[in-house]
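These are my notebook entries on one protein structure. I record what I looked up and what I found.

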Amino acid sequence: MRHDYLWDGSGEPDSEVLRLERLLSEFRSHRPAPELQPRPRWSAIAAAAALVAAGTWLASGAKPEGWQVARAGAGRSRLAVGETLETGAGGHATVNVGSIGYIEVDANSRLRLERARGDRQRMSLEYGLIRAFITAPPRTFVVDTPSAVATDLGCFYTLEVDKDGGGRVSVLAGWVSFAHAGRESFIPAGAACLTRPGRGPGTPYREQSSPAFRQALQNFDFGGGGDGALDIVLTEATKDDAFTLWHLLTEPRVFDALAALVPPPAGVTREGILRGDRQMLDRWWDQLGLGNAGWWRHLERPLQ
C-alpha cells in the first residue's frame, strides 16, 4: 500500500512530509488553538488544534471511559471498549486516546478499541492508516496489527496496514517498538520499519537510506535474498545506518561492517557479540549515540 505522504527516499521529501515536520514544530511549541473539530482531510492547521486539545485533556487529568471520536459531517461519538470504528472511502476521523493524545484515522480504515485505562490504551488496526500523536510514558499506547504489535514510546508516527496484513511504521519524533513472536525492532525518528504476516517486523532503516540499501534490506528480511542481499546492505551502509546493522548483529559479517562505521567500545569483542552477550550489545548501542543501554532495557519490559 503506497501513500503519497510517505517519502520513498529519492529526491527531496515530498510536501506532506514537510507539512508533518511543521506540525511537529507546532506540537512542540504548544501554541493555543481551537477545540478539536471533525475534519474531512488532513491539514496542518486542524491537526495542530487537535494536538493542543490533547494537551488540554492531559493537563486536566480527565480519564473518560472509551475514546471520543469526531467525524466530518457526523459530529462526535464515543467509542467503547470492544467497539469498532470504520471509515469509508471518503471518511476520516479524529480520535482522542484517553487523555494522552490523538490519532488521525484515514479513509478506508478499520480499528477496534481493546483497552482504555489511563495508563494503558490499546487498539487493533485491522487495515488502513493512522497518524498517532502521543504524549505519555513509554508503552502506554499500543496498537495490535495482524503481523506485529506497535508500541508507542512517546512520539509522533504513522502506521499503515494493508488488507493482506502487512504494515509499515514511519516515525517523525520519539521511538516506536515493532514486535512479534519474540522479535522486536526499535524505530527512531527519521526511520521506518516493515512487517509481514508470518514473519513479523523486519529491520528498521532510515527513510533517507539509499534505495539500493532499502531494497536489499527488504529482500533480506522478506524476499529470501540471503547472503547476496546482505552483501548489498553492508556495502551501501553509511554511519547513519549503524542502528540498522546493530539489529543484524547475529550475522557474523555484520560485526566487521558495523565496526568499520562505529568502532565498538573497549572490551566488546566479536565473539561476545555473536553469542549475544547483552552487556556488550548494550555498550555498543550506547556508542551509536541513540540513547543509553539503561533506557533500552527499560523498554524491554513485557507488554501489558
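**Entry 1: the chain as a whole**

I note at the outset that this is a predicted model. I looked up the secondary structure and found nine helices and 16 strands in the protein chain. I then looked up burial: buried residues make up 52% of the 304 residues in the protein chain. I also looked up how far apart in sequence the contacting residues are. Of the contacts with a separation of 6 or more, 44% are accounted for by residues 24 or more positions apart.

I asked how many residues of strand β5 are buried. Strand β5 covers residues 101–105, and five of its five residues are buried. I checked the directions of the side chains as well. Gly101, Ile103 and Val105 point one way from β5, while Tyr102 and Glu104 point the other way, and all are buried.

Next I looked up the strands that pair with β5. Strand β4 (residues 93–96) runs antiparallel to β5, and four bridges join them. β4 and β5 form a hairpin with four residues between them. In the turn, Gly98 has a positive phi of about 55°.

Strand β7 (residues 120–134) also pairs with β5 in the antiparallel sense, over five bridges. I followed Tyr102 to both of these strands. Asn96 stands opposite Tyr102 in β5, and in β7 the bridge partner of Tyr102 is Phe133.

**Entry 2: a second hairpin, and a buried arginine**

I looked up strands β12 (residues 175–180) and β13 (residues 183–188), and found that they run antiparallel and are joined by six bridges. They form a hairpin with two residues between them. Ala181 in this turn has a positive phi of about 50°. Ala179 has Glu184 in β13 as its bridge partner.

The side chains of Arg139 and Glu184 make a polar contact at 3.3 Å. Arg139 has its place in the loop between β7 and β8 (141–144). I asked why Arg139 counts as buried. Its relative accessible area is 3%, and the cut-off for buried is under 20%, so Arg139 qualifies.

**Entry 3: Ser147 in its loop**

I located Ser147 in the loop between β8 and β9 (149–152). Ser147 is classed as buried because its relative accessible area is 1%. I then looked up its polar contact. The side chains of Ser147 and Thr195 are joined by a polar contact of 3.0 Å.

Which residues is Ser147 in contact with, leaving aside its neighbours within four places in sequence? I found Gly165, Gly166, Gly167, His180, Thr195, Arg196, Pro197 and Gly200.

**Entry 4: cysteines**

I searched the whole structure for disulfides and found zero. Cys155 is buried, with a relative accessible area of 2%. Cys193 is buried too, and its relative accessible area is 0%.

**Entry 5: aromatic rings**

A pair of aromatic rings is described by the distance of the centres and the angle of the planes. My search of the whole structure gave five aromatic pairs. One of them is formed by Phe255 and Trp284, with 5.1 Å centre to centre and 65° between the planes. This pair is edge-to-face because the angle is over 60 degrees, the cut-off for that class. The pair links distant parts of the chain: Phe255 is in helix α6 (residues 252–261) and Trp284 is in helix α8 (residues 278–287), 29 residues apart. Both Phe255 and Trp284 are buried.

I looked further at α6. Its buried residues are Val254, Phe255, Ala257 and Leu258. These buried residues pack against α4 (226–236), α5 (242–247), α7 (270–274) and α8.

I also found a cluster in which ring pairs link Trp175, Trp246 and Trp285.

**Entry 6: charges over rings**

Lys163 lies over the face of Tyr127, at 4.5 Å from the ring centre. Arg196 has its charged end over the ring of Phe222, 5.3 Å from the centre of that ring.

Key: Residues numbered from 1 in each chain as written. Predicted model: local features only at pLDDT ≥ 70, side-chain atom pairs only at ≥ 80, totals over all residues. Heavy atoms only, no water. Phe/Tyr/Trp six-rings, centres within 6.5 Å; stacked < 30°, edge-to-face > 60°. Buried < 20%, exposed > 50% of the residue type's maximum accessible area, 1.4 Å probe, protein only. Lys NZ or Arg CZ within 6 Å of the ring centre and 35° of its normal. Disulfide = S-S within 2.5 Å. Pairing = 2+ DSSP bridges. Polar contact = N/O pair within 3.5 Å; in protein donor to acceptor, adjacent residues only side chain to side chain. Contact = heavy atoms within 4.5 Å.
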